[in-house]
Amino acid sequence: MFVSRAAVSRVMSASARSMSTKVAVLGAAGGIGQPLSMLLKLSSAVDELSCYDVRGSPGVAADLSHIPTKASVKGYLGASEGQEEELGKALTGASVVVIPAGVPRKPGMTRDDLFNINAGIVKTLVEGCAEHCPDALIAIISNPVNSTVPIAAEILKAKGVYNPKKLCGVTTLDVIRANTFVGSHLQKDPATIDVPVIGGHAGITILPLFSQVPGFTATDEELEALTVRTQFGGDEVVKAKAGAGSATLSMAYAGFIFAENVVKAMKGEECVQCAFVESSLTDARFFASPCKFGLNGVEEVLPFGQLSAYEKGWFDKMMPDLKAQIQKGIEFAAK
Ligand SMILES: NC(=O)C1=CN([C@@H]2O[C@H](COP(=O)(O)OP(=O)(O)OC[C@H]3O[C@@H](n4cnc5c(N)ncnc54)[C@H](O)[C@@H]3O)[C@@H](O)[C@H]2O)C=CC1
Ligand SMILES: O=C([O-])CC(=O)C(=O)O
């Protein structure tokens with residue numbers, strides 16, 4: 001469950017750790033990667049920022065390094081002619097790895113249409129994590145998240161380093177969209193709204209639980225419009241960008257909130273936020289729900305509570321799609 005930056009964390013002073021945190025962003029020169037790296041550079045929770053990409057990352061790092069905040073920044077490049085592969089250096093010592101590497105959608109495409117390219121990219125990068133930072137928490141942004149997270153799990157398992165507490169798909173953008181749309185509907189400050197969003201991260205697998213928002217009221221038509229807008233918020237941006245990609249700035253903000261919360265939790269400030277994780281809440285192997293984050297990553301996958309009859313209808317509709325997308329990722333990794 002996502003609240004606001006200020007409200008999500010509770011300080012556990014007794015167990016607070018003073019650890020130095022290296023965060024690696026893989027795909028750091030992209031539309032998401034650049035603003036995400038900048039927000040992480042501005043965070044007082046981050047000590048070291050590692051910017052990796054197959055192009056442009058040394059420039060991004062040099063640029064960010066002139067911002068006077070405490071995090072040190074280094075850029076690392078993938079292999080190309082005359083250029084050695086620097087993924088190992090980028091990952092060594094990282095406690096959190098955020099992965100926005102991969103191609104974005106164009107109008108008319110589904111997230112699943114990205115599978116053929118992005119599955120291979122995520123596989124290679126997660127193999128690097130298994131080798132160079134097996135204890136790091138990996139936060140996957142690359143789409144289709146419903147399949148790329150299962151791919152990552154299978155790769156880590158095959159390498160003998162899978163820890164379900166340390167692998168998450170980032171669904172925070174769905175939460176912040178739902179908060180924004182409900183804020184506007186109720187004419188309230190969206191920062192005070194906290195909509196749990198469960199399921200997955202693609203179309204109808206995204207299920208906002210508006211029935212759990214205190215004071216929420218809507219007609220049937222308004223509820224339907226808010227639900228569908230949250231499910232297809234990504235398409236709204238893809239359409240508006242007209243071929244120039246998908247959400248980058250709102251995603252960078254969402255990825256930053258997620259990653260910073262993870263880092264703070266690892267330093268002793270427990271928090272609850274939604275994430276797509278291995279889960280036994282439903283018969284889907286991975287499922288997004290509120291999770292408690294702490295010193296070791298996902299400390300507890302929390303139940304998502306009572307669904308309204310309307311939400312139960314969407315839940316039943318989404319499950320076959322979600323399970324098929326998860327299975328597709330598992331089968332890819334087994335090849
Ligand atoms: N989880 C979510 O809520 C969201 C996910 N996304 C996804 O995030 C991904 C990235 O989107 P954008 O930043 O807009 O794309 P982009 O094309 O602007 O940036 C992607 C970056 O990844 C890099 N890259 C490609 N292969 C790589 C590799 N093997 N290693 C390292 N870097 C590599 C590219 O060089 C590029 O800089 C897409 O798959 C998109 O669908 C986008 C928005 C929201
Ligand atoms: O729609 C897309 O392709 C990007 C995405 O995941 C989102 O904006 O939610």
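Predicted model: local features only at pLDDT ≥ 70, side-chain atom pairs only at ≥ 80, totals over all residues.

User: Which residues of α1 and α9 make the contact?

Analyst: By class, this contact of α1 with α9 holds nine nonpolar residues, one polar residue and no charged ones. From α9 come L249, A252, Y253, G255, F256 and A259, while α1 contributes P35, L36, L39 and L40.

User: How is α1 oriented towards α9, and why is that word used?

Analyst: The axes of α1 and α9 lie 8 Å apart, and the two helices pack at an angle of about 40°. Angles under 35 degrees would count as roughly parallel and those from 65 to 115 as roughly perpendicular, so the word for α1 relative to α9 is oblique.

User: Which element gives the most to the side of domain 1 that touches domain 2?

Analyst: The domain assignment gives domain 1 as 22-170 and domain 2 as 172-334, and 43 residues of domain 1 are in contact with 45 residues of domain 2. Elements that give two or more residues to this side of domain 1 include α1, α4 (115-132) and α5 (145-158). With ten residues, the element that gives the most is α5.

User: How many residues of the side of domain 1 that touches domain 2 are nonpolar?

Analyst: The residues on that side of domain 1 are divided by class, with seven polar and eight charged among them. The nonpolar residues there number 28.

Terms used
Residues numbered from 1 in each chain as written. Chains lettered and ligands numbered in written order. Axes fitted to C-alpha atoms, helices over the stretch in contact; angles between N-to-C directions. Helix = DSSP H or I, 4+ residues; strand = E, 2+ residues; numbered from the N terminus. Parallel < 35°, antiparallel > 145°, perpendicular 65-115°, else oblique. Contact = placed C-beta atoms within 7 Å. Nonpolar A, V, L, I, M, F, W, Y, C, P; charged D, E, K, R; others polar. Domains from an automatic or database assignment.
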